[in-house]
Structures are given as C-alpha cells and as structure tokens.
Amino acid sequence: MAAGLPTHVVAVDELRSLIGRMFAAAGCVTEEAERVARFLVSANLAGHDSHGVIRVPRYIEWLGEGLVFAGKSISVVTETSTHAVVDGNVGLGQTIAMQAVDLGIGKAKAAGMAVIALRNSGHIGRIGDWAERAGDAGLVSIHFVNVAKSEIVAPFGGVDRRFGTNPVCIGIPGEAGKPMLLLDFATSMVAEGKVLVASNGGKPLPAGALIGPDGSLSTDPVTLYGPLESGQRNPGNGTGALRTFGDHKGSGLAFMCEILAGCFTGGGTAGPIVGKRGGITNGMLSFYMDPSHFGSQHFVREARAYADYVKEARPADPGGEVLLPGEPEARTRAIRLRDGIPLQIDTWAAIMRTAATLKVAGPA
Ligand code: NAD
C-alpha cells in the first residue's frame, strides 16, 4: 500500500464475504466463490495488494467474456507416482492451482518428491499461497511461473517486450509458532499492479522500472499504458515495457520461467501475442520435497536456527534490522487480521461498481 494515500479499511471477514457473494453472483458455486475470495484476501493479508481484491473487477470481466471459466477442474494429461502434467482448462486459478498443488503434496508425501507441470490455468494470484499450502503439509516447494500471452517485460539489454512478470517462489516449512521461510517475488522490477497504483497517483515507481522503445529509462506509467486520459489501463496501449530486477540475473530467471513454466508445461510463453490481447493464463512448474524422505528429520529446526543466525547480522542502518524471506508478509498479516485491510479509494470504488452491476450489496 502506498504510504500516505487515503484508504478505505475493510474488516477481513466483511471483505471475504463481499467478494464471495460477488463471485457467486457471477456464476460460481458457493464453494468456489468462497475459495476465490479467501485466496484474494490472503494476498492482501500478506501485503501483496497487487494480487489481492484489486483483481476482482478484471476477474469478473474475464468470467463474463469467457476468458476464464467457473466450475472447472484440472485434467491429468499424464502422471506417475512422482510427477504429473495437468491442464487447468482455463478454470479460475484459485481452484485449479489448489488442485494441482494438492496433487503434488499427495505424491510427495507418498514418494518423497513430486514434480507437477501445470498449464492453462486462470490467474493463480500470489504464488506464496501455494508454497504456504505445501509448507503447512511439511513440504519444501519450489515454483517457477509464467504468464502466457502477457508479454510486458523487456529482457536485459533489450527494449522489446518478451517476458511476463514471471514469479519465482521457494517455501520452507516453519517450526510451530514461527512463520515459514518464504521467498516469493516477480522477476520484473515491480509488479504490473504497482504501475497501476502509480498511474492512479499512488506511490511513484523506482528509477528505471520501465523502458521506452528508444531505450530511455522511465518511471512514467504512460510508457506501459499509453495515454492515461481514457481511464483505461491496458498494457496493450503502451509502447514501452517493464524491466526485470537485477540486470542479467533477474532477466535470466524470467527467461527460465518462460522455458520451464511456458515451454516445459506446454502452456505457452508470454509471446509472441497473435491477434487481440485477452485474458491470461499461468503456467507453473512446481517441485515438492518431503524432508522426512531425505533423512532430513532435523531440517526444519536447522533451517530455523540458521535463519535466526542470519537475522542476528548487524543492521546496515542504525535502528534497522535484517528481515527473513516471509517475515514482512507475516508481520503485515498479523496487523491486517487485527485492524482490517486498507484498500486504495480507487480500488474500493472499482470493486463497489462491479458489485453494483452484479446486484450485490456492499458491507453495511
Ligand atoms: P516483493 O518485491 O514485495 O518481494 C517479496 C519477497 O521479498 C518476499 O519473499 C518477501 O518476504 C521478501 N522481502 C521483502 N522485503 C524484504 C526485506 N526487507 N528483507 C528480506 N526479504 C524481503 O514482491 P513482488 O515482486 O512485488 O511480487 C508480489 C506478488 O506478486 C508475489 O506474491 C508474486 O507471487 C505475485 N505475482 C504473481 C504473478 C502471477 O502471474 N500469478 C505474476 C507476478 C507476481
């Protein structure tokens, strides 16, 4: 959330209930509607507002336009005891990814490890949710994700769009009472949602977040969206691109996400986009490992002890501290569970407009 922007704070239960009723009104059975609401709100709880309820209007539009479908399940294309290729049939990602992850968890629990190649899923949101699900089952998990038909990121050294925002995620199960160690980030310098926030007058983008077609670096959302006057924020209208983080290293990770989650799963890469831009699908190649099968009975305890040692590193800035992967999310979750979820005024207004079109009443 951009500091200093006015927000509308909604209690977690109220927000889940509203979003659930909206998806039910949009054609989902109650169980799926509540699931979509639960995972979107979970992203907000973790502080990743770019992958939370801000997505609701777009998801509902996609349902209406037949760019994603309610009531779908994964189809298993091929499987053994340790791997599966599954097709998401462009179902809602919260259902499809959950099924794919649960398949991986079941196989890894039985065999020690499993690889699941998921393709053609509707948007699967915050990848950390899936690593947390595996972590809750005691598993280590690694996920490479791409966004088919959504090229908006330039490779290092280039100006043309070639990648999606391609997240990478690694989850390590936590000891009782301690948060998981959870690394989960987009390989673009900022998620597209952050360009959206900046385009609405929110937190400015960091230097060099965008690149124009002439190679000039930019922080102006127009580079990605084209003229903002229309109110529309469609990357299809811009001529520039997002940049990857970490120069050639982030760009290399983004590239490998396309190869693993796009080519290897069979779900397709970010581009080239032929014809009109529409909804997007995620591919995800996931690895699940059960430490107990690897003779690593003390793994979780040793990982935690090492994490505590890392945290003891002296802060670079006076009063600062070293944070572990997953720590910012755990802290934000504790605060938001207590105080409610602050949403940008524009985000809340867009959700309420969509609710009105569905004839769903907002919170009292
Ligand atoms: P980010 O830049 O906020 O990075 C988050 C990661 O960095 C977390 O692991 C966090 O614990 C860690 N972290 C943050 N601050 C830290 C600090 N000071 N010290 C140590 N570690 C720290 O995340 P992002 O790139 O904006 O991605 C946001 C979300 O978007 C992710 O959950 C990702 O899965 C999701 N995403 C999804 C898709 C999709 O297609 N489904 C695409 C892109 C991104």
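**Figure 1. Secondary-structure elements around the ligand in the predicted model.** Strand S8 (181–186) and helix H10 (327–339) each contribute at least two residues to the shell around the ligand; helices (H or I, at least four residues) and strands (E, at least two) are DSSP runs numbered from the N terminus. S8 provides the largest share of this shell, five residues. The ligand is surrounded by 21 residues, of which the closest are Gly-125, Asp-184, Ala-186, Gly-326 and Glu-329; a residue is near the ligand if one of its heavy atoms lies within 4 Å of it. This is a predicted model, in which local features need pLDDT of at least 70 and side-chain atom pairs count only at pLDDT 80 or more, while totals for chains, interfaces and linings use all residues. Residues are numbered from 1 along each chain as its sequence is written, and side-chain values use heavy atoms, with hydrogens and water left out.

Figure 2. A polar backbone atom of Gly-125 lies 2.9 Å from a nitrogen atom of the ligand, and an N or O atom in the side chain of His-123 lies 3.4 Å from a nitrogen atom of the ligand. An oxygen atom of the ligand is 3.0 Å from a polar side-chain atom of Asn-282. Of the 870 Å² of accessible area that the ligand has on its own, the protein covers 78% (Shrake-Rupley method, 1.4 Å probe).

**Figure 3. The aromatic pair of Phe-39 and Trp-130.** The ring centres of Phe-39 and Trp-130 are 4.6 Å apart and the planes stand at 45°, so the pair is tilted. Rings of Phe, Tyr and Trp (its six-membered ring) pair if their centres lie within 6.5 Å; planes under 30 degrees apart count as stacked, over 60 as edge-to-face and the rest as tilted. Phe-39 belongs to helix H2 (residues 30–45) and Trp-130 to helix H5 (residues 128–136), 91 residues apart. Both residues are buried (under 20% relative accessible area; exposed is over 50% and partly exposed in between, with a 1.4 Å probe and protein chains only). The charged end of Arg-38 sits over the ring of Phe-39, 5.4 Å from its centre (CZ of Arg or NZ of Lys within 6 Å of the ring centre and within 35 degrees of the ring normal).

**Figure 4. The aromatic pair of Phe-185 and Phe-245.** With ring centres 5.3 Å apart and planes at 75°, Phe-185 and Phe-245 form an edge-to-face pair. Phe-185 is partly exposed at 27% relative accessible area, and Phe-245 is partly exposed at 28%.

Key: A polar contact is a pair of N or O atoms within 3.5 Å; within protein, one must be able to donate a hydrogen and the other to accept it, and residues adjacent in sequence count only if both atoms are side-chain atoms.
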